[in-house]
Amino acid sequence: MKIQHLQPAFPVARHQRCSQCDALFVIPQLHANQDALCPRCKAKVSGGREWSITRLAAIAVTMLVLMPFAFTESLINIRLLGTPISASLLQGIWQMARQGDAITASMVAFCTVGAPATLVGSLLYLYFGQRIGLNLRPVLHLLDRLKEWVMLDIYLIGMGVAAIKVSDYASLSTGLALPAYVALTLLSLITLIHLNVEQLWEHFYPQPITSPQPHDPAVLRVCLACNFTGMQDERGRCRRCHVPLRTRRRHSLQKSWAALLAAIVMLVPANVLPISIIYVNGARTDDTILSGIASLASSNVPVAAIVFIASILVPVIKILVLLGLLVSIHFKLRHGLKTRIRLLRFVIWIGRWSMLDLFVISITMSLVDRDQLLAFTMGPAAFYFGSAVILTILAVGWLDSRLIWDAHAANADYAD
Ligand SMILES: [Zn+2]
Ligand SMILES: [Zn+2]
């Protein structure tokens, strides 16, 4: 890893602004195995590791072939009260829509079916679209936002948790489609690791080095949508991806605050109301998130710990970190900036795991369904919990992290 600070530009070097902290520096040409990190905030600004669109498209085709089987065929089989029952992904979502509510079911459907299918569709569109000269810009924008919503890996862990929960009542066996599902999950992970949207932008829409260069590099702006650093075109847009190029994201603080406050409000009913309801011989038992974890802990502590981290610890930490950052922007606080930035990156990375509990509920609903004898269904808290998770993901996405550095710099000028 080599970073060179504002050295004289040689022909292959280019100016770049960091999309996270707005620092301006010069990146030399990178070799295939080199990453460029921002000298101020250590964010990865550019990576040399790219898979060609041909290879990504080949993986996309494999995923496309696996998908119908992995989504519709049985993943887990159980024998419950003498009756064989099998659960597939789509069946779980269908049960959730039928017995619970359609909105929560569509949250699960989006993260497990919608987003992976869109990922596959986008890669194939890029591959074929470049050959026949289609406009690839909307799809490249879409790909960049899609990454954190592909949750096949979390659903796989959810399946494991559901299996352990159900094993108290029933004997389990793996379903026919499980190997296909695991393969699909691994391929999605590989794709997301090797999918470098910024380099795809560079590949499809290369910008000439001789594009207008200002006398003062300070007027260069970075585009948050495609990470290109340059001057606005005559219509005030990014030269590469054609979205309006602004100094800071518009209404970032208002939108981020709104999503965060709504998430905090949603977390109250999410924790107070029952999230799952079990009927045993007609008798109803309600479980909140916490009491569900407590009863799981009595049989399996490690699994209970995973659910506790995903459903309680992560959302709470995420909200506290975001609150801290937003307050620090308003009051221009300087203390612990690096820690807060590190925490923010950590919670962004871990935040999507909060959907785990909803996936567990979806699978368990399609497995444990024996009418009056033994039935499992979701409670009203599921909707509030899912909404809170999605709102926090949006709140982080809408926060322009350069504002944190602006507040820091403003205070530094004042203090020094
Ligand atoms: Zn930076
Ligand atoms: Zn752009």
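## Zinc ion (ligand 2)

With angles of 102 to 114° among its 4 donor atoms, the zinc ion (ligand 2) sits in a tetrahedral site in this predicted model. Donors are N, O and S atoms within 2.8 Å of the metal (3.2 Å for Na, K and Ca); water is not among the atoms, so sites may look incomplete. Four donors count as tetrahedral if all angles lie between 85 and 135 degrees. Ideal angles at a metal are 109.5 degrees for four tetrahedral donors.

The protein donors of this ion are C223 (SG), C226 (SG), C238 (SG) and C241 (SG), at 2.2 to 2.3 Å from the zinc ion (ligand 2). Along the chain they follow the spacing C-x2-C-x11-C-x2-C. Both C223 and C226 are buried, where buried means under 20% relative accessible area, exposed over 50%, and partly exposed in between (1.4 Å probe, protein chains only).

## Basis of the model

The model is predicted: local features need pLDDT of at least 70, side-chain atom pairs count only at pLDDT 80 or more, and totals for chains, interfaces and linings use all residues; side-chain values use heavy atoms, with hydrogens and water left out. Residues are numbered from 1 along each chain as its sequence is written, while chains are lettered from A and ligands numbered from 1 in the order in which they are written.

## Zinc ion (ligand 1)

C18 (SG), C21 (SG), C38 (SG) and C41 (SG) coordinate the zinc ion (ligand 1) at 2.2 to 2.3 Å. The 4 donor atoms subtend angles of 103 to 114°, so the arrangement is tetrahedral. Their spacing along the chain is C-x2-C-x16-C-x2-C. C21 lies in the loop between strand 1 (14-17) and strand 2 (24-27), and C41 in the loop between strand 3 (35-37) and strand 4 (44-47), so the pair ties together parts that are 20 residues apart in sequence.

Helices (H or I, at least four residues) and strands (E, at least two) are DSSP runs, numbered from the N terminus. C21 has 1% relative accessibility and therefore counts as buried; C41, at 6%, also counts as buried.

An open sheet has 3 strands in the order 6-5-7, with antiparallel pairing. Strand 6 (83-87) and strand 7 (171-174) stand at the edges with a single partner strand each, so one side of each is left without a neighbour in the sheet. From one strand to the next, the twist averages 25°. Two strands pair if DSSP finds at least two bridges between them.

Strand 5 (residues 76-80) and strand 7 run antiparallel and are joined by 4 bridges. I78 has L172 in strand 7 as its bridge partner. Helix 12 (residues 356-367) lies across strand 5 and strand 6, at about 150° to strand 6. Axes are lines fitted to C-alpha atoms, for helices over the stretch in contact, and angles run from 0 to 180 degrees between N-to-C directions. Contact means heavy atoms within 4.5 Å.

## S276 in strand 10

S276 is found in strand 10 (residues 276-280). Its relative accessibility is 7%, so S276 counts as buried. Leaving aside neighbours within four places in sequence, S276 is in contact with T285, D286, D287, F376, T377, M378 and G379.

## The whole chain

The protein chain has 14 helices and 13 strands. Of its 416 residues, 50% count as buried. The C-alpha atoms fill a box of roughly 80 × 55 × 35 Å, taken along the principal axes.

How values were computed:
Tetrahedral: all angles 85-135°; square planar, octahedral: opposite > 155°, others 65-115°.
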